[in-house]
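The following paragraphs explain selected features of the structure shown here, from a strand pairing to a helix and a chain interface.

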Amino acid sequence: MSNTLGATVIGRSRLGKPQAGDAASAASPAPRKRRGRGRLRLEIALLSGPAIIIFVGLVIFPVVLAAYYGFYRWQGYGVPTDWVGLKNYQLILTDPDFHQVLLHNGLIVVLSLVLQGPLAILLALLLNQKIRGRSMIRVLIFVPFIISEVIVGTGWSLLLQTTGAVNDALHHIGLGFLAADWLADPNRALWSLMGIITWKYIGFAVILMLAGLQSIPDELGEAARIDGASYWQVQRHIMLPLLGPTIRIWAFLSIIGSLQLFDLVYIIWGQYISSTAGTSTMATYMVHNGRDAGNYGYGNAVAVVMFLVSLIVALTYQRLILRRDMRGAVTQGVT
Amino acid sequence: MMKKTRTAAIAALGLGLALAASACAGGGSSSGGGQSSGGQVTLSFWTNATPGPGLTFFHNAAKTYHTLHPNVTINIQSIQNESFDGKLQTALNSNSAPDMFLQRGGGKMQAMVNAGQLQPLNLTATDQSNVSPAAISTDSIDGKVYAIPMDTLPEGIFYSKDLFSRAGIAAPPTTIPELEADVAKLKAIKVAPIAVGAKDAWPAAHWYYYFALRECSQATMNATAKSLNFSDPCWTKAGDDLSSFLKVNPFEQGFLTTSAQQGAGSSAGLVANHKAAMELMGNWDPGVISTLTPNQKPLPDLGWFPFPAVPGGQGDPSAMMGGSGGYSVSAHAPKEAFGFLEFLLTKDQQQAYGKAFISIPVNKAAQGIVTSSYEISSLQAFNKAAYTMQFLDTVYGQNVGNAMNTAVVNLLAGKGTSAGIVSATNAAAAKGA
């Protein structure tokens, strides 16, 4: 204990044995500042310690463990012993099912951006006006985002059954020819999923865009209008460019969410049929080939691949697109 | 300055990790199942029976056993079926296995045996008279018994007698062409001929299993269980049979997103509500159906017939498929655990079990409780069967079974081929053990 005390500035000053360079032994006016540094260190350790422990214990450690298990053929019982090297990774990358899954994930990423982005901006522009019932509409648009994925999934899967409410409604309004097998038809299922995703997550995008719009000073729009700009010119040349940072952040969140999509698919299509219906994602592939099949080693390898894909996409996006919005973030170190 | 900050951070981190590690290590030994002190033994027992007659049976059995053996207390723990395997696996891995637990059998049991997680059970002469060698054979590996079965679960087609007579079907079909003719008759009265819960994959896959059972000889099926090589032409033939059967559109609309047991829209629910006439299912089905009828009572007109014969197949037309499994004792459980399982095999307990689960008890002396027509038909067929096979996803292990089930669903959806089933199973064998 006394050694520890002796090793730190505060400790030495407490022991009354200041060394050269320590705060107490230095000439004034340094003392306050030096003591502040010692305390600073303690504060950093105390304040960041718990966060670092939790981050390392719950994020880094599991990632390392997954990487470790990924090198084994392992049924999940006892300690893994059957070392197979990179064989799991080779199987993943050559599995046609995994190629399908990557394609689905890619489509979901792109379609989410293309469907939700413009729609959210338009809705946000609309809701930024002073119109009747504005807060009511805002609430209604945001409600789906608050409902849990399980409820959304169960609800929509009941609505979209062949004998469900959607087809019934179509028949009753004379549009029976539009009725279809929304969930099981491989040509349609992904579009049904995209519809549900858009319905569910558009509220989040709209709220973000609205917040972005409201942070833009009114004076800019006013000045443009005085100069004779039309409403659309103001939106196009003033509001949209200034909304840029918000759009880029939203797109980032949307991409990461799309890459990791699991719950909606798992609830609607269950454990088995998502690949048949063409809605499987990397996450459902991982659960299907890892946990359901009892190949825990293989499943861990899939998790690592998924982590790397997300990491590469995230870093690339930050590096290329978010750089000007987030100066000094991770990107600075990665040249 | 920077350096010292870093040192402090690393020190904090190290301390945290040490704490976390010791916290993990602390739980290991003490949370393990059986504890005995001063002759008192407390045993844990995991079942997938959910609150209802089944769980009540186990609670009563534990109470009765405690009266007979006052030093043994048994804690019954109910775990929902779909989350059971994951929880059990975690428990086995962290040395906190329950003393006794539901065993699925097949490849899963093999994996537990390989990992040294199960106790081999030495059956006494009394035990052997309670449970026949045939029934126990599926729970044995290399001549050692690793699980005690509670009931026999032969599979067949459950049907509604009312719907059959309304459609003008005099007797249940005995061949596939007859079944196809009945499908047409049932369509004429506007009900779904056959319900299948393809969302859960295995109910759909059971159609393929049965076609394989009819097409492949017993020897081929057993040889494949060892080699996991599905190259015999009968495997593709079974897929072709299923494809051609699909041409008569026997299943309900939207079967791909229908689950097996959940709610009135499930395949069991369709049968329970007379929306579908037939369902291929194991012997647990009447219990499931009875919870889904409008009045929550057993379906009065429920009948049963064995899977029809396939002309020209190599397999015996009387052969049957069914589930096995039972209850296992974990490696470190006290010896009293097996005593409780032996007790569950006695006649009185078996009768109570059969009534609670509406199933056929494994102890022949207790089979007198079987009275309903569908149970009598399935018991007769079971006793007449030339041989019985376990469900293929059990026989061939979780890994290959999982891939096979998915491939069958692909075939049903019109997305796959019968050759695809064979190649999918071969590919899965590469991923796992």
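**Sheet, helix and interface**

Met321(B) has Met389(B), in β15(B), as its bridge partner. The model is predicted, so local features need pLDDT of at least 70 and side-chain atom pairs count only at pLDDT 80 or more, while totals for chains, interfaces and linings use all residues. Residues are numbered from 1 along each chain as its sequence is written, and chains are lettered from A and ligands numbered from 1 in the order in which they are written.

Strand β12 (residues 320–323) of chain B pairs with β15(B) in the parallel sense, over three bridges; pairing requires that DSSP find at least two bridges between two strands. Helices (H or I, at least four residues) and strands (E, at least two) are DSSP runs, numbered from the N terminus. The open sheet has four strands in the order β14-β7-β12-β15 (chain B), with mixed pairing. Because β14 (360–361) and β15 (388–390) of chain B are edge strands with a single partner each, one side of each has no neighbour in the sheet.

In chain A, helix α5 (residues 96–127) has 32 residues, which at 1.5 Å a residue should span 46 Å; its end C-alpha atoms are 45 Å apart, in agreement. The expected span is 1.5 Å times one less than the number of residues. The buried residues of α5(A) pack against α9 (189–214), α11 (231–259) and α14 of chain A. Among them are Val101(A), His104(A) and Ile108(A); buried denotes 20 or more other C-beta atoms within 10 Å of the residue's own, with C-beta atoms placed from the backbone.

Between the chains, 36 residues of chain A are in contact with 41 residues of chain B, contact being C-beta atoms, placed from the backbone, within 7 Å. On the side of chain A that touches chain B, α3(A) gives the most, with 10 residues.

Conventions. Two residues are in contact if their C-beta atoms, placed from the backbone, lie within 7 Å. A residue is buried if 20 or more other C-beta atoms lie within 10 Å of its own, exposed if 12 or fewer, and partly exposed in between; C-beta atoms are placed from the backbone.
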